[in-house]
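Please look over this model before reading on.

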Amino acid sequence: MSAAATPAVVTVTGAAGQIGYALLFRIASGQLLGPDTPVRLRLLEIPPAVRAAEGTAMELDDCAFPLLAGIDVLDDARAAFDGVNVALLVGARPRTAGMERGDLLSANGGIFRPQGEAINAGAADDVRVLVVGNPANTNAFIAASHAPDVPADRFTAMTRLDHNRAVAQLAARTGSGVDEIRRLAIWGNHSATQYPDLTHATVRGQAATGLVDHEWVEQTFIPTVAKRGAAIIEARGASSAASAANAAIDHVHTWVHGTPEGDWTSAGVVSHGEYGVPEGLVASFPVTSSGGAWHVVPDLDVDDFSRARIDASVAELVEERESVRSLGLV
Ligand SMILES: NC(=O)c1ccc[n+]([C@@H]2O[C@H](COP(=O)([O-])OP(=O)(O)OC[C@H]3O[C@@H](n4cnc5c(N)ncnc54)[C@H](O)[C@@H]3O)[C@@H](O)[C@H]2O)c1
Ligand SMILES: O=C(O)C[C@H](O)C(=O)O
C-alpha cells in the first residue's frame with residue numbers, strides 16, 4: 001500500500017449477520033477494492049446487534065490486515081454513511097411466518113428510506129451503493145428514491161450471485177471451466193421470476209445454444225438458477241451467505257475495475273428504458289463496466305421466449321413499485 005493512499009470508506013449494514021461475517025474479512029484483506037486501496041470500515045447494526053458487530057471488529061483487528069485503516073461500529077445511519085465511498089446495504093428485514101408481502105415491504109421501507117436519506121445527506125461524491133438485502137431490487141429503488149442528490153446510477157441491486165450460479169450450472173452441463181463461459185445474463189428481479197439467459201452465451205467460443213438443448217434450458221437451467229436461493233435455504237437451514245458475500249465482492253470489484261474485453265456480467269441497475277424496461281425500475285440487465293460506471297449491453301436480439309420471460313419478471317418489479325408507492329414508502 002502506498003503511504004499516500006487515502007483510505008476508502010466502506011460501510012456495511014447488517015454487519016453482524018451471516019453475510020456480514022463472510023464479507024468483512026474479504027473487504028479488509030483488499031479483495032473488494034484491490035491491493036492499493038486501504039479501507040476504513042463502518043459497521044452499521046441495530047442496537048441489539050451492536051455488541052456482536054463489536055466482536056467481529058475485534059476479530060478484524062486480530063487479523064492485522066495491512067490495508068485496514070480503521071473500524072467504527074455504529075447504530076446511526078447518518079454517522080455510518082458520512083463520507084462513504086462504497087455502501088453495502090446487506091441488513092434487511094427477512095420475511096417471517098405470517099408476514100404478508102405488504103408487511104415485508106413496509107418493514108424494509110423503514111430501513112431503506114432512512115438509509116437512502118443518510119446517503120443523500122453525507123455520502124462522498126463518488127459513492128457506489130450495492131443493495132444485497134431482500135427484496136434487493138425494490139429496496140434499492142426505495143433507497144434511490146430518497147437520495148435525490150445522488151445520481152441514480154450509483155444505486156444498484158445484487159444479481160451477481162444469480163449470474164455466478166448460472167455460470168456454474170452451464171459450466172457443469174457443458175464440461176467446461178467457469179472461465180470459459182462468456183456473456184450469460186440475468187434479467188429482471190432477484191427473485192424466482194428472474195430470467196437467466198444463455199441465448200448470447202458462449203462456451204470456449206462456441207454458442208451455448210448449440211451445446212445444450214432447449215428442454216434442458218427451460219426445464220432445468222432456468223428453474224435451478226432462479227430457485228437456487230430457496231434450495232440453499234432448504235439444505236442449509238439458512239440463506240446463502242458466503243456465496244452472497246462473494247458475489248458482493250465481485251459486483252463492486254467489477255464496478256470499480258471493469259469487465260474483461262468481450263465479456264459482460266449482470267447487475268441490477270436503474271433502467272433508462274432499455275429493452276422496454278420502464279424507466280426508474282431497478283432491474284437486472286447484462287452490463288459491462290468501464291470508466292467506473294455500468295453500461296447496459298446495447299442492441300441484443302431478444303427472441304420471443306426471452307421477451308416473455310423478461311416481461312414476466314419486469315411485471316413483478318412494476319407490481320413491487322406500485323406496492324411501495326401505495327404504502328407511501330416512496
Ligand atoms: N441479493 C442476493 O443475492 C442475496 C443473497 C443472499 C441473501 N440476501 C439477503 O441479504 C440479507 C442479509 O442476509 P443475512 O443472511 O446476512 O441475514 P442475517 O439475518 O444473518 O443478518 C442481517 C443483519 O441485518 C441487521 N439489520 C437489520 N436491520 C438493520 C438496519 N436497519 N440497519 C443495520 N442492520 C440491520 C440484523 O441485525 C442482522 O444482523 C437478507 O435480506 C437476505 O435475504 C440477498
Ligand atoms: O435470502 C433469500 O431469500 C435467498 C437469497 O436471496 C439467495 O438468492 O440466495
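This is a predicted model: local features need pLDDT of at least 70, side-chain atom pairs count only at pLDDT 80 or more; totals for chains, interfaces and linings use all residues.

1. Residues are numbered from 1 along each chain as its sequence is written, while chains are lettered from A and ligands numbered from 1 in the order in which they are written.

2. The protein has ten helices and 14 strands (DSSP runs numbered from the N terminus: H or I of at least four residues, E of at least two). Its radius of gyration is 19 Å, close to the 20 Å from the globule rule for 330 residues, so the protein is as compact as a globular protein of that length. The radius is taken over C-alpha atoms, and the rule is 2.2 Å times the number of residues to the power 0.38.

3. Of the 330 residues, 45% are buried (20 or more other C-beta atoms within 10 Å of the residue's own, with C-beta atoms placed from the backbone).

4. Helix 6 covers residues 160-174. Its 15 residues reach 21 Å from first C-alpha to last, close to the 21 Å expected (1.5 Å times one less than the number of residues). Buried residues in helix 6 include Arg160, Asp162, His163 and Arg165. Just after helix 6, Gly175 takes a positive phi of about 65 degrees.

5. Which residues surround ligand 2? They are Asn134, Leu161, Gly229, Ile232, Ser239 and Ser240 (C-beta atom, placed from the backbone, within 6 Å). Leu161 is also buried in helix 6.

Technical notes
A residue is buried if 20 or more other C-beta atoms lie within 10 Å of its own, exposed if 12 or fewer, and partly exposed in between; C-beta atoms are placed from the backbone.
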